[in-house]
Amino acid sequence: MPATTPPAPVQLVVGEEELLVERAVSEILRAARAVDAEAEIRRYRPAELTPGELVGHLSPSLFAEGRVVVIQGAHEAGKELAAAILAYAAEPADGIVLVAVHAGGARGKQLADDLRKVGAVVTKCDRLTRAEERADFVRAEVRRAGGSITAEAVGVLLEAVGSDLRELASATNQLVSDTGGQVDGQAVRRYHRGRAESSGFAVADKAVAGDRAGALEALRWALVLGVAPVLVADALADAVRTLAKVGAAGRGDPNRLAGSLGMPPWKIRKAQGQVRAWHPAGLATAIAATAQVNADVKGAAADPAYALERAVLAVVDARGTG
């Protein structure tokens, strides 16, 4: 059996594409656990650490247990903490892996540059802004899932799903599973006719973002595709409830809030960005509107489509109101 190669002791994961960042960090953790199944994983943000505490987390234990210390948002580190990170990176300890996750922008750029200079292994996770990059991502996802995809199917999928990598990854993996690995344009079209949840969530996302025209367009498109009104109403209610729960929880670390809120970190992070534009009174109005539309689409209203449109507009108008 071949020996497992441990991850390099200093890792710099740099970029703003959240899915790629999460995957890069997960791969480092997987590699560390492959070498030492009992390796301890510690995650922190700069605001949670002093330089002295960081030194303690990066100091070898008496029993030489493996450890991975992940610093999320390393670009937020102040001068003294950045100096402590760099000092460790210059002389890392055996069995301890430091992972600095950096957004890659101008903030904290010196720390990223210095980590490169001392030999940190760099994983780039830049945003995929061009259509060709997203097409390459889809093809790679299909290969990763053990399937193949036609050029036509790539184009149809990108048109149907858009640019969000999480949705592209989810749709791609589902397609490979549903088709036995051979994905063509017809399969994509068939799949998206049945993707009621995705269409409903597209309406909800635009509504809670205050995009009136986009939300109405997405609603009409979903209804044309035959999405059941109750699924759109459920998605709208879920989006508003998520904002309320995340807003009440405060601006904590999504990884730490995930357990108590019962949501994945990416969903919490997304809601944290959205809820800043909402006030409690507006959320209360939106919650009432989504409760009403859930009753309407289940028989209380003569025209479910009109009821949904009214609810979407109510949610859009509630955003930003105090």
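Author: On a 1 Å grid over the protein atoms alone, a pocket is an open set of points where a 1.4 Å probe fits, with protein on both sides within 12 Å along at least five of seven lines; its lining residues have an atom within 4 Å of a point. The structure above is a predicted model, in which local features need pLDDT of at least 70, side-chain atom pairs count only at pLDDT 80 or more, and totals for chains, interfaces and linings use all residues. Residues are numbered from 1 along each chain as its sequence is written, and side-chain values use heavy atoms, without hydrogens or water.

Reader: What is the volume of the second largest pocket?

Author: The second largest pocket has a volume of about 1,000 Å³, which is the space filled by probe spheres set on points joined across faces, edges and corners. Its lining comprises 35 residues, and E18, R45, E76, P254 and R269 lie nearest the centre. Elements giving two or more residues to this lining include helix 1 (18-35) and strand 4 (96-102), while helix 13 gives the most, with six residues.

Reader: Why is D296 called buried?

Author: Buried means under 20% relative accessible area, whereas exposed means over 50% and partly exposed lies in between (1.4 Å probe, protein chains only). D296 has 5% relative accessibility and therefore counts as buried. This residue is found in helix 14 (residues 280-300).

Reader: What makes the pair D296 and R310 a polar contact?

Author: A polar contact is a pair of N or O atoms within 3.5 Å; within protein, one must be able to donate a hydrogen and the other to accept it, and residues adjacent in sequence count only if both atoms are side-chain atoms. The side chains of D296 and R310 are joined at 3.1 Å, and the pair qualifies.

Reader: How do you know which strands stand at the edges of the sheet?

Author: Two strands pair if DSSP finds at least two bridges between them. The open sheet has five strands in the order 2-3-4-1-5, with parallel pairing. Strand 2 (40-44) and strand 5 (121-124) each have a single partner strand, so they stand at the edges. Strand 1 (residues 10-14) pairs with strand 5 over four bridges, and V14 has K124 as its bridge partner.

Reader: What span is expected of helix 7, and what span does helix 7 reach?

Author: The expected span is 1.5 Å times one less than the number of residues. Helix 7 (residues 165-179) has 15 residues and reaches 21 Å from its first C-alpha to its last, close to the expected 21 Å. Just after helix 7, G180 takes a positive phi of about 75 degrees.
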